[in-house]
Structures are given as structure tokens and as C-alpha cells.
Amino acid sequence: MSKLRVLVSGASVAGPALAYWLVRAGCKVTVVERAPILRTNGQGVDVRDTARDVIKRMGIFDRIRDKSSHEEGLKIVDSNDRCLSRFGVDESGKGDSLTSDVEILRGELAGILFDVTKDDVSYIFGDMVESLEETEKEVGVNFANGTPTTAFDLVVAADGLGSKIRGIAFGNGHSHIRSLDSYTSYFSIPPGDTDTMWSRVHWVKGGRCMLLRPDNVGRTRAFLSLTAYDKSDERLVRFEKASKEGIPAQKLLVQELFQDADWEISRILKGMQESEDFYMQHVAQVRLNRWSSGRVTVVGDAGYAPSPFTGMGTSIAFIGAYVLAGEISRQPNDIPAALESYERVLRPYVESVQKLPPGIPWIVNPQSALGIRVFETVIRGVGLLSATGLATLFSKLAAYLPIGGDSFKLPDYEAFRQ
């Protein structure tokens with residue numbers, strides 16, 4: 001029997017990770033990426049829970065950890081940079097803290113994944129899927145920028161929150177997206193005298209949050225996040241409009257909405273205006289009634305983005321790639337059945353991760369000055385409890401913020417034992 005022909009759309013994390021396992025499942029894999037070259041920018045991402053077992057089985061765990069930021073932990077600070085509470089790095093990968101020992105820039109992670117797949121996978125850069133024509137036995141793929149029309153046995157969307165493939169297969173309606181009424185801007189700035197190997201985060205009224213993190217390439221990674229209490233907040237409308245107008249408009253809006261903040265905002269905004277790696281993200285989840293339509297399916301953020309508030313987006317991408325390829329290896333002659341098994345095995349875990357605690361993210365993004373004072377008082381109390389050695393309680397409170405989900409046991413696939 002000839003090898004299954006699989007097209008994967010997206011060459012960031014989920015796509016190459018899936019390609020790695022599909023090759024081991026006996027497939028002929030093509031990855032198409034709309035960017036002209038491999039994307040090397042992006043903020044830090046971490047790998048937690050069972051995903052650590054996946055990257056160990058791929059043989060890249062040590063490579064990833066060697067390129068980690070070596071962040072020592074996260075400090076929550078007030079406007080004078082005084083530490084209210086601190087969360088040391090989580091070396092277990094179980095989500096016992098707000099930061100992990102496997103924290104790597106997305107671009108560097110993409111580079112590692114490309115290196116371990118480029119000899120076995122065909123990569124097409126600078127193109128994207130324009131349309132799909134599915135029959136009972138295959139999917140004809142028409143590309144936008146000159147790649148000849150080609151038939152595949154399976155097409156997989158690994159092209160992120162705004163997935164075009166998902167739109168083609170399931171429709172472009174907003175019903176697939178659960179907005180968390182939040183936008184985050186990411187960029188790097190020059191390191192400053194106050195920067196250490198500890199990340200620092202500070203909140204100000206208006207549901208605004210500022211975060212500075214170290215990296216391994218001599219820059220400081222900045223995050224500016226704004227969360228509204230409800231969809232009637234006019235700032236959300238302005239963010240949505242700016243997201244369609246390009247980076248200059250986005251920077252202008254962020255400058256306006258954050259310029260009255262305190263702490264290190266002047267330095268951060270100056271760095272933002274000079275940054276060449278700025279990007280803005282709508283914070284949302286993807287919720288699909290089904291993960292497959294005929295011979296088209298989804299993996300990672302394209303199919304079940306959990307949102308940055310869970311801290312599990314990259315981890316779910318690795319786990320999803322492993323399970324999807326594994327189920328295909330079990331039923332290579334029945335793609336629809338393999339896709340059904342993929343969803344049955346993984347969906348309960350995904351839903352557990354996507355289930356945010358009550359009030360998240362709004363309860364940790366106060367809108368008023370009074371709310372900020374109450375929040376800082378609570379955080380200071382948590383820090384005091386931690387300092388007195390009540391680590392168990394501290395961990396539970398820490399876990400209430402951005403880390404969730406039940407543990408997931410990786411299935412054992414015979415094809416991957418070789």
C-alpha cells in the first residue's frame with residue numbers, strides 16, 4: 001500500500017510536531033506555511049504536563065531546555081517595584097507554579113522542530129491553501145501562490161487561532177471563537193538595570209497588566225494586556241478595529257491606552273515603539289462541536305486553543321499532534337474512523353484544560369483603583385503565607401490563576417516504538 005499523503009497547514013509548533021509523528025506513522029507529509037521563511041520571532045512558551053513526555057520521546061527535550069530562558073520565577077510587584085509575592089520556577093512540569101523550567105522562545109522552538117523534520121518532510125513556504133475539493137477518497141487542494149493543485153488523503157489545520165483551513169471546513173462564523181474580552185501585545189525591549197532572571201508582573205486599573213520576562217538572547221520580553229469586564233467596553237471595539245489595520249495602528253492604540261500607567265510603563269512604551277517584533281493577539285478560545293469534517297481535521301490552537309490564561313497552549317499542541325498521528329497509525333485505511341478516535345481520546349482532556357476557574361480572567365484583572373488595592377492585599381497575603389512555609393496552600397492559590405486541566409496519560413502506539 002502506498003503511503004498516506006497528508007498536508008499540514010502551519011509551520012509553527014503544532015504543524016511540525018504533527019509532521020514528526022506522521023512520518024513515524026508511515027505517512028508522506030507536506031507542510032505549507034504562508035510566511036516566506038520560517039518564523040523566528042515570538043514570545044516565550046513553556047511545555048508542561050504530559051507534553052514533556054512527548055518532547056522526550058521526540059528526543060528534543062534537552063535541546064529545548066538548553067535554549068530555555070532559565071527564568072528563576074515570577075514576582076508580582078507594586079508600582080514601586082516592591083515584591084508582593086513570588087512564584088519560584090516549576091521544575092516538575094506539573095503546573096505547581098506560574099512559570100516552568102522549560103520556557104523557550106516560540107521561534108527557537110519552531111527552529112528545533114524544523115531541524116528534526118526537514119529531512120523527512122516537504123516544506124512549502126510562501127503559500128497557503130486557497131480552497132479544498134473533497135471526494136470520498138481524497139482532498140484536492142488549490143493553493144494561493146503558485147503551488148500546483150495536489151491531492152491528499154488528509155488535510156490538517158495547524159494554522160492557529162485564525163485558521164483559514166478551519167474556516168473552509170467548518171465555516172467562518174464567530175460561534176467557534178469564545179472571546180475572553182482581552183487583547184495582549186507582545187514585543188521585546190532592551191534589558192534594563194531593574195531586570196533580573198525573575199519575571200515581574202504589575203497590574204493597574206482598567207484591567208491592564210504589564211509583564212517583563214528575561215530571555216536567552218539578551219532581550220527583555222514585554223507583554224501589555226488589557227481585559228474588559230464585558231463586551232460593551234468600547235476599548236474592545238477599538239482593539240478589533242486596530243487588529244485589521246496593521247502594526248502602526250496597533251502600537252498607536254496601545255500607546256494611548258497604557259500611557260497613564262505607572263511602574264516601568266515609560267520604558268516599556270518607548271521600547272514598543274522601537275521594536276521590530278511587535279504583534280497583538282486577541283485572547284480567546286476555540287470551541288468546535290466536532291474536530292473533523294470529512295478528510296479535514298484540526299490540531300493545536302486551530303482546533304482547541306485554550307487561551308494564554310491556561311498556560312497550556314503549546315503543551316496541548318504537542319499532545320494533540322502525538323495522539324492524532326497515533327490514531328492514524330492504528331487505522332491508516334480508515335481516515336474518518338481514525339479522526340473519530342483522535343477526538344474521542346483527546347477531547348475530555350482538552351475540555352478540562354479549557355475550563356477556566358470561575359471569574360478568570362476578570363477577577364485577576366481589576367478595573368478600579370479600589371480593586372487593584374484589594375488584589376494587591378490578597379497577593380501580599382499569599383506571599384506572606386508562602387514565606388511562612390505553607391507551600392501547599394500557596395501552590396493551590398497559584399494554580400488558580402493560569403494553569404489548569406486534568407493530567408493526561410499518553411496512549412501507547414506500536415508505530416512509535418520503532
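Beyond its neighbours within four places in sequence, His202 is in contact with Val77, Asp78, Ser79, Arg208, Cys209, Met210, Asp262, Trp263 and Glu376 (contact: heavy atoms within 4.5 Å). The model is predicted, so local features need pLDDT of at least 70 and side-chain atom pairs count only at pLDDT 80 or more, whereas totals for chains, interfaces and linings use all residues. Residues are numbered from 1 along each chain as its sequence is written, and side-chain values use heavy atoms, with hydrogens and water left out.

- His202 belongs to strand β13, which spans residues 198-204 (strands are DSSP runs of E, at least two residues, and helices runs of H or I, at least four, numbered from the N terminus).
- With a relative accessible area of 1%, His202 is buried (buried: under 20% relative accessible area; exposed: over 50%; partly exposed: in between; 1.4 Å probe, protein chains only).
- A polar atom of the His202 side chain lies 3.0 Å from the backbone oxygen of Val77.

**The seven-stranded sheet**

- Seven strands form an open sheet with mixed pairing, in the order β5-β4-β13-β14-β15-β12-β16 (two strands pair if DSSP finds at least two bridges between them).
- Strands β5 and β16 stand at the edges with a single partner strand each, so one side of each has no neighbour in the sheet.
- On average, neighbouring strands of this sheet are turned by 20 degrees against each other, direction ignored (axes are lines fitted to C-alpha atoms, for helices over the stretch in contact; angles run from 0 to 180 degrees between N-to-C directions).
- Strand β14 (residues 208-214) pairs with β15 in the antiparallel sense, over seven bridges; Arg208 has Leu226 in β15 as its bridge partner.
- Helix α7 packs on the sheet, where it touches β12, β14, β15 and β16, and its direction makes about 75 degrees with that of β15.
- Helix α8 (residues 265-274) also packs on the sheet, touching β12, β13, β14 and β15; the direction of α8 makes about 85 degrees with that of β12.

**Helix α6**

- Arg235, Leu236, Phe239 and Ala242 are buried in helix α6, which covers residues 234-243.
- Viewed down the axis of α6, these buried residues fall within an arc of 125 degrees, so they line one face of the helix (the arc is that of the directions from the helix axis to the C-beta atoms).
- Val237 and Lys241 are exposed on the other side of α6.
- The partners against which the buried residues of α6 pack are β12 (177-189), β15 (220-227), α7 (247-258) and β16 (279-286).

**Nonpolar cores**

- The largest nonpolar core holds 83 residues, of which Phe318 and Leu346 touch the most other members (a nonpolar core is a set of buried Ala, Val, Leu, Ile, Met, Phe, Trp, Tyr and Cys residues joined through side-chain atoms within 4.5 Å).
- Helix α10 (residues 313-330) gives the most to this core, with ten residues.
- Apart from this core lies another, of 26 residues, including Ile189, Val204, Leu253 and Phe258.
- Neighbours within four places in sequence left aside, Leu346 is in contact with Trp291, Tyr304, Ile319, Gly320, Val323 and Phe408.

**Positive phi angles**

- Asp49, in the loop between β3 (44-46) and α2 (51-57), has a phi near 55 degrees, a positive value in a residue other than glycine.
- Asp81, in the loop between β4 (73-77) and β5 (83-88), has a positive phi near 70 degrees; Asp81 counts as partly exposed, at 29% relative accessibility.

Definitions and conventions. A polar contact is a pair of N or O atoms within 3.5 Å; within protein, one must be able to donate a hydrogen and the other to accept it, and residues adjacent in sequence count only if both atoms are side-chain atoms.
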